[in-house]
Amino acid sequence: MRTAAWAALALTLLLAAAVRPAAAGCRRRQRTEPVPPEDMYFNHQPAPQKTLEELPKEWDWNNVDGRSMLVPSWNQHIPQYCGSCWLHGTTSMIQDRLKIVKGGIGPDVMLARQVVLNCGAFHGYGQGCDGGDVIDVVRYMKHFGLPDESCQARGGPYSATDHTKYGKAATRCPGEGYCTNCMPLKGKDTCWPVHTPIRYYLSAYGKMDEPGELGMMNEIYHRGPITCSMATHEGFDYGYHHGVARNNPNATDVDHDVEIVGWGEQEDGLKYWLVRNSWGSYFGQLGFFKIERGVNALRMEEGDCWYAIPTWQDEQDVRSGKKEGTMWGIFDKEEAEAIIPEGHRHPHFKHHDGQLAAQHAAPAEGDDDVATSWDGTVGGTYDNTPEDHPDGAVPTQQQAQEAQQALAGVQQVQAQASLRVRPFGAAAEQA
Ligand SMILES: *[C@@H]1O[C@H](CO)[C@@H](O)[C@H](O)[C@H]1NC(C)=O
């Protein structure tokens, strides 16, 4: 390349660095509203504690008895930059834990991360692409549940946009922001909000009681991956490509959230964490990186680490036949029968006796007999914000029981895994 071209490239890079938000720039500097103390923890239960010596020398949820317990990686930065690491770091942890507690039953679940960007800010949970925290995601999931990616519409499962696309006047999340379906109705391509998709909730969440290496290892080992904040720096963002990232004392600004899925030790004795990033599967080692463990490298071990325990009641209800799935969502049996349009069960949607159908699928006031495309005139009348559906909010006592059951499930997987686990590397010891 000619010198001028190099200079131009250098200038472009410099400018890019200058306008770019600090480092990964995805965590809120300051919360505008403090989290109410009663919302900081939910059915909080610390993980069992083993000593460093009792824990295995290497642990990787990507390789438990030769099988990965993790689901695919994401890229938060496409199709444009979005400061949503807080969302990705947290939902990755939760959907991996879902796979772990389900013990391999059912297909992998990719949570509808876009929903939190669309709707969270309306409830004070995060600032969309301007940043947020783990607590915003877990609070949203606790209150409203999260569908999976199969019901996200405009812009695909992830569009790296947020609530601001609904305009300054919007005060609540439109139905399309939560879950949607589209079909031709009466010959017209039509979309409608789905009120009752398969949703995933949490039965517990909290910040880890024991900061530092040992507490983190115990939580990961006993219950699954965790989400921690860290201070990235340009050298890491643009420079990491292999091996174990080391501390950089210049990196002081905690600006990123990532999922830690295990740990290990190099042959030369260098200890590291195995971390999943949300910058595409091409970053580092298939989307993961290693970072020095035990020295609070890049402020990863300061105690801003979180766990959550997911539940999957809707899935279980469909499996057991208690709920039935339709184009309009999942329903109790009688409801499902009522909502299917009369006659040939064609999606041509009519009011017939279907008050339920009207209620569930036709959100627009004064609309005759079809749900209206949101590109039409429904503006703001979608009656589908999750808070309109308190049926999703399970009583706390039941959630506590579910948390217990979920934990029992993890312990079972854990017990099997630790019996059979064959960690990679020569230094592996019998777990
Ligand atoms: C930290 O910043 C100083 C001053 O810019 C620089 O000289 C030093 O090399 C940096 N340290 C590391 C580990 O990058």
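In the predicted model, Leu-286 occupies the loop between strand S9 (271-276) and strand S10 (288-292). The phi angle of Leu-286 is near 60°, a positive value in a residue other than glycine. With a relative accessibility of 67%, Leu-286 is classed as exposed. A positive phi is also found at Asn-296, where the angle is near 55°. Asn-296 is located in the loop between S10 and strand S11 (305-311), and its relative accessibility of 26% makes this residue partly exposed.

A cis peptide bond, with omega about 0°, connects Ile-78 to Pro-79. Pro-79 belongs to the loop between strand S1 (59-60) and helix H3 (85-102).

The disulfide count comes to five. Among them is the link between Cys-82 and Cys-129, whose sulfur atoms are 2.0 Å apart. The torsion about this S-S bond is about -90°, so the disulfide is left-handed. Cys-82 lies in the loop between S1 and H3, and Cys-129 in the loop between helix H4 (113-119) and helix H5 (134-144); the pair therefore ties together parts 47 residues apart in sequence. Both cysteines are buried.

Cys-151 and Cys-179 are likewise joined by a disulfide, with an S to S distance of 2.5 Å. This link is left-handed, with -140° about the S-S bond. Cys-151 is buried at a relative accessible area of 6%, and Cys-179 is buried at 2%.

A further disulfide pairs Cys-228 with Cys-305 at a sulfur separation of 2.1 Å. Its S-S torsion is about 110°, so the bond is right-handed. Because Cys-228 lies in strand S6 (residues 226-230) and Cys-305 in strand S11, the pair ties together parts 77 residues apart in sequence. Cys-228 and Cys-305 are both buried.

Conventions: Residues numbered from 1 in each chain as written. Predicted model: local features only at pLDDT ≥ 70, side-chain atom pairs only at ≥ 80, totals over all residues. Heavy atoms only, no water. Helix = DSSP H or I, 4+ residues; strand = E, 2+ residues; numbered from the N terminus. Buried < 20%, exposed > 50% of the residue type's maximum accessible area, 1.4 Å probe, protein only. Disulfide = S-S within 2.5 Å.
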